[in-house]
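Dear colleague,

Please find the structure below, together with its sequence.

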Amino acid sequence: MVYPDPCKNIFSRTFSHFSNIIADFTDNNLVNIIRYGEDYYASSEVNFINQIDPFTLDTVGRMNYRNHIVLNLATSHPHYDEEGNTYNMGTAIIGIGKPKYIIFKVPFNASDPKSKKPALSKVQKICSIPFRSSLLPSYFHSFGMSENYFIFVEQAFKLDVVLLATAYFRGISWGRCLKFDEKDVSWFHLINRKTGKTMSTKFYADPFVMFHHINAYEDNDHVIFDIITYKDSNLYDLFYMENMRQEVAKFIEKTKDFSPPTCQRFVLPITVDKNVPAGSNLVTLENTTATAVKQEDGSIYCSPDTLLQGLELPRINDKYNGKKYRYFYGSMMEWSPHPNKIGKMDIATRTHVQWKDEDCYPSEPIFVPSPEAVDEDDGVLLSSVISLNPDKPHFLLVLNAKTLEEIGRASVDVPVHMDLHGLFIPATQS
């Protein structure tokens, strides 16, 4: 059947293939460990996640998001509130209705050991956001959450749906299906957590590529959110084999102009007075250079306040997720094969400190608060460290989160690979 809508025609053909091949595409869940209810899963960004036993690390089984909610892709960066509820976001490319982004919730008490039903069986859809372009939706790796709002950045880094649907037959990687549109803009969507309604004000910024939100909070009728941005998508080119096989000096020379990760703060005014003239900066907060300038059409052009350059894989004290905070931690990055460092950023003083050790590659540092902690940075950082020295085994590093001084390390005499993200699971859940 030929449909009058050409997009519908394309979708019906390509996704008949897509829906058949996605099951065999991948369940290589190496990005993060996430929790739904009392269930733990290894996840990537596709619709399959692997349930694990957090004590034995045995694989319990494979879960398909689509058995519980219409999703084809989902992030590995959910948010957890103080009650223990889990919030996550995904993309519905095929299914009921038009393509859309979806935010959903899994209640803290969703696990049911008696019926053996997964926590995802009680998933609740909060809202959906339509694609701006049906065939070129925005790629997103994470999203933000403050006390009353979700923050979704619809960036100019896009997923070519037709290429993705036919990637298996073409023999191309997922990376080849991502395109950066330098002529587009980045749109910021504010969604009310209680109502699921998207704020009508149109916020936008210059185009960039981003993967990670650091944190978000509200202050004096503003939403502040901190993210890590790149000026382009050249990062993906680093990992093709033709680059990885180069001599070190040549690799460093080739990548010296690549965009470094930059920690940036955006500030969005929640209330916009229609009588304020165009050209006015609506940000009234002190201690930030971020601006939100009203345009003639009523939209708001946002420019960021740069906090730090060269840090990725950000983590915070999770008790401050969605709240005003002062510190974040991460991996200090260079586009070279040289060992990286662990960094701690103090937003109040705009200073940072680092930990490093010879021949060591530390992973993302995970903050674990001290029992009865009062200060935001009272706790330890855990990092899995790869050693290049054959006489020095790989180890779990424990740092004082206040000073980044080493408290101890636990060596393991087994092969350890570089990881991306992780989750600290306490022996007893509070």
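Does Asp 226 count as buried or exposed, and what is its relative accessibility? In this predicted model, Asp 226 counts as buried because its relative accessibility is 0%, below the 20% cut-off. Its side chain meets that of Arg 265 in a salt bridge, with an N to O distance of 2.7 Å.

A second pair is formed by Asp 305 and Arg 350, whose closest N and O atoms are 2.8 Å apart. This pair links distant parts of the chain, 45 residues apart: Asp 305 is in strand β21 (residues 305-309), and Arg 350 is in the loop between β24 (341-346) and β25 (351-355). Asp 305 is buried, with a relative accessible area of 4%, whereas Arg 350 is partly exposed at 33%.

The search of the whole structure found 18 salt bridges. Among them is the one between Asp 219 and Lys 324 (3.8 Å, N to O). Those two residues are 105 residues apart, Asp 219 in the loop between β16 (209-218) and β17 (222-230) and Lys 324 in the loop between β22 (311-315) and β23 (327-332). Asp 219 is partly exposed, with a relative accessible area of 27%, while Lys 324 is exposed at 55%.

Yours sincerely

Terms used:
Residues numbered from 1 in each chain as written. Predicted model: local features only at pLDDT ≥ 70, side-chain atom pairs only at ≥ 80, totals over all residues. Heavy atoms only, no water. Salt bridge = Lys/Arg side-chain N within 4 Å of Asp/Glu carboxyl O. Helix = DSSP H or I, 4+ residues; strand = E, 2+ residues; numbered from the N terminus. Buried < 20%, exposed > 50% of the residue type's maximum accessible area, 1.4 Å probe, protein only.
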